[in-house]
Amino acid sequence: MIESVVKDLRPDDRLSADDALSLATCEDNALLMRIAAARRDAAHGNVVSYSRKVFIPLTKLCRDVCHYCTFAHAPRRGEAAFLSLEQVLEIAHAGRTAGCKEALFTLGDKPELRHRAARDQLIALGHETTISYLTEAARLTVKETGLLVHANPGLLSAADLTSLRTVSVSQGIMLESAASRLCERGQAHHGSPDKNPAARLATIRIAGEQFIPFTSGILIGIGETRRERIEALLALRDLHDRYGHLQEIIIQNFRPKTGTRMAQVPAVSLDEHLWTIAAARLLFSANMNIQAPPNLSDGSLRQLIEAGINDWGGVSPVTPDHVNPEAPWPHLQLLERATNSAGKELAERLAIYPAYSRCPQKWIDPTLQTTLLRLVDADGWPRGDDWSPGTNEPLPVRKIQVPAGRIGSHALSSIIDKAFNGRGLEEQEIVRLFQARHDQFSQVCEAANQLRRQAIGDDVTYVVTRNINYTNICYFKCQFCAFSKGKMSENLRGRPYDLPLEEIGRRAEEAWQRGATEVCMQGGIHPDYTGQTYVDICRAVKRAAPEIHIHAFSPLEVHQGAATLGIPLDAYLAKLKDAGLGTLPGTAAEILDDEVRAALCPDKIDTERWLAVMGAAHRHGFRTTATIMYGHIERYEHWARHLLRLRELQAETGGFTELVPLPFVHMEAPIYLKGRARKGPTFREAVLMHAVARLALHPLITNIQTSWAKMGNDGVKACLAAGANDLGGTLMDETITRSAGAVHGQEMTPSAMESTIHQLGRHPRQRTTLYANASEERYRASFLPWSASVRNHTPV
């Protein structure tokens, strides 16, 4: 029996076509809904999404005469056939002001083929077809408002779809039914040529061929049977199996409307609607988005969630549902309460679903990719706040505390428990932690902070250091870098310079006088530098300040140094150690995944080589830091792989002293200015990077640093409450982050460091590079007043 098949269905399986058709005889709604809900939860967790949209009815003329529709009507005296472009923009701007991110264009199907009034106005507007005018209106909407367009214009040719792909991030057409008999006389679609199922399936197929994120679904209660519903869903499933482009399946319930031929047809029952939602969830893969419009099921929203939906569709705070004007949208607060009552969190999405926005090169026309990237986080969801690293934007109001009576997610609890026990997490488990929002965000942050306290106590460490960036001339063309200058660079801010050895030594001596225990030295890959240059830099520092610790040279610089001298890596590391090098910074890591590096820094050393240099340094007795530079073009799985690769090397060598998360500062970065990157991580993501790193790297890497130069003073406080334990260096001459546009200054004094730490009720501890306590003499020297200003003395 089908009931036993359903009971045995696992989340990663789905019903066969024969078993799906057998569902038509299953009357056990409770069983279907229970299995469907569990299946939904396995793929979508506790999130039910919606899109905040503005509804733009470009025209209400249509060549079809569906017998349940009140949207379309015949031409009316004194009423324009189409909205003007001015009217379109007025509606779109109202939506943007109300916080909408989607402009839904809905319209009748090819009215010019039936109505002279439509043809005449199109000519007056300078167009031959409705699709041509829609394309112009959509393009103008994107340009003037930044809204993302979703278009529902009916049957489309390949050329139509291609044209609309350049102005819309998603398109759609409801299949409604695969039963051609509904087009016969006396049926709902009689006299509506565009409702022919074969024609509609052809449009959906062509959309798949063109990699267009697409919406479809069925309308139930218009005379079809259960079996015919399943046949329609199977037809959509077949197309999705082939192209992967159906981002959602809508299960819409028929409601009779006054003035239509079907006004006396009873509305489909709630039980029938719930049965169909559950059946759809069982037919498709668990990660399919199943939607039901909330305004058509007033008072039954919780039951819709219990049947397996994970999306409410578009909800407008501005415009009515022009297709169902008798059913107003629920207020978003009411929708959130109903969603919460079912144990779910309401989350805003865009017109394009996250799985598709995560891969814009495949699914989005190049002309729209920049607009999309400005709106999304690394997981493809709306950013949710205006904060970016390095800016003075106020922090979003996020309390890292689970509200009373809420316990977060049991699924996350098992991952967190695994991390506490020191067992390595899997990639998907780390990704799941990065996806934490709302209460789950607080749950992850609190767990990381508890683990930090358990592992290393309440001390917050910092080091008195001076950054010396000896040159900004570089022949590499890293797309994120606003620091490098020269003939081969992007030539953005400032003038190229190359510090002489005497100036490097002077800065090191001055740093020692100011209480520093360390100089941190890195620079561009100057075309005239050889491995000997780095050796000479070390010697110059040691001549000027013999006792200062040299923390210098990225794996890229070490690699280049060995290559230019033509000697093995181990031999070159020995030369650097003899010259006084103490430790290495783990920069140039960016994202340790070659899929990302190919676009972000294609001429830089690859992941394997970066890890090889770090491993060789560790085996040679050097300790190093590790970094991750995130928030640009990568996704959560890349973050997870990066952390796992660091953990794997640490398990082998034990050489990493700390992880330093470096959020991407976008303002002057070439890749952002070219429209090919996001504007850094969101605040949620930035805090989570520290929290998840604490969990994923435990117990192998015990120190997690937070960057005041990128996060700002209030930002580092949030990170220190989410698993971080180190504030990094005082810096004295920070230039790289400032070159990218950051505004948080070039130095944070020991006094300011300790004030920030005390404000959190934690204990400051001034450390050395290797996390020993700074000597009393160094500590006191770092607090002495410094009358002479520190000057860069950059040659001109």
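So, which residues of helix H4 are buried? In this predicted model, they are Leu 85, Val 88, Leu 89, Ala 92 and Gly 95. Look at how those numbers are spaced, and keep one rule in mind. An α-helix has 3.6 residues a turn, so residues three or four places apart point the same way.

What do the buried residues of H4 pack against? Three elements: strand S1, residues 47-59, strand S2, residues 102-107, and helix H6, residues 130-145.

A quick word on the helix itself. H4 runs over residues 85-97, so to speak, 13 residues in total. From first C-alpha to last, H4 reaches 18 Å, close to the 18 Å expected at 1.5 Å a residue. Just after H4 comes Gly 99, with a positive phi of about 90 degrees.

Okay, next stop: a pair of helices further along. Two packed helices are described by the angle between their axes and the distance between the axes. For H21, residues 555-565, and H24, residues 607-619, the axes come within 9 Å and cross at roughly 85 degrees. H21 and H24 are therefore roughly perpendicular to each other.

Who makes the contact? From H21, it's Pro 555, Val 558 and His 559. H24 brings in Arg 609, Trp 610, Val 613 and Met 614. Sort the residues of that contact by type and you get 5 nonpolar, 1 polar and 1 charged.

Definitions and conventions: Residues are numbered from 1 along each chain as its sequence is written. This is a predicted model: local features need pLDDT of at least 70, side-chain atom pairs count only at pLDDT 80 or more; totals for chains, interfaces and linings use all residues. Side-chain values use heavy atoms; hydrogens and water are left out. Helices (H or I, at least four residues) and strands (E, at least two) are DSSP runs, numbered from the N terminus. The expected span of a helix is 1.5 Å times one less than its number of residues. Buried means under 20% relative accessible area, exposed over 50%, partly exposed in between (1.4 Å probe, protein chains only). Contact means heavy atoms within 4.5 Å. Axes are lines fitted to C-alpha atoms, for helices over the stretch in contact, and angles run from 0 to 180 degrees between N-to-C directions. Angles under 35 degrees count as roughly parallel, over 145 as roughly antiparallel, 65 to 115 as roughly perpendicular and the rest as oblique. Ala, Val, Leu, Ile, Met, Phe, Trp, Tyr, Cys and Pro count as nonpolar, Asp, Glu, Lys and Arg as charged, and the others, Gly among them, as polar.
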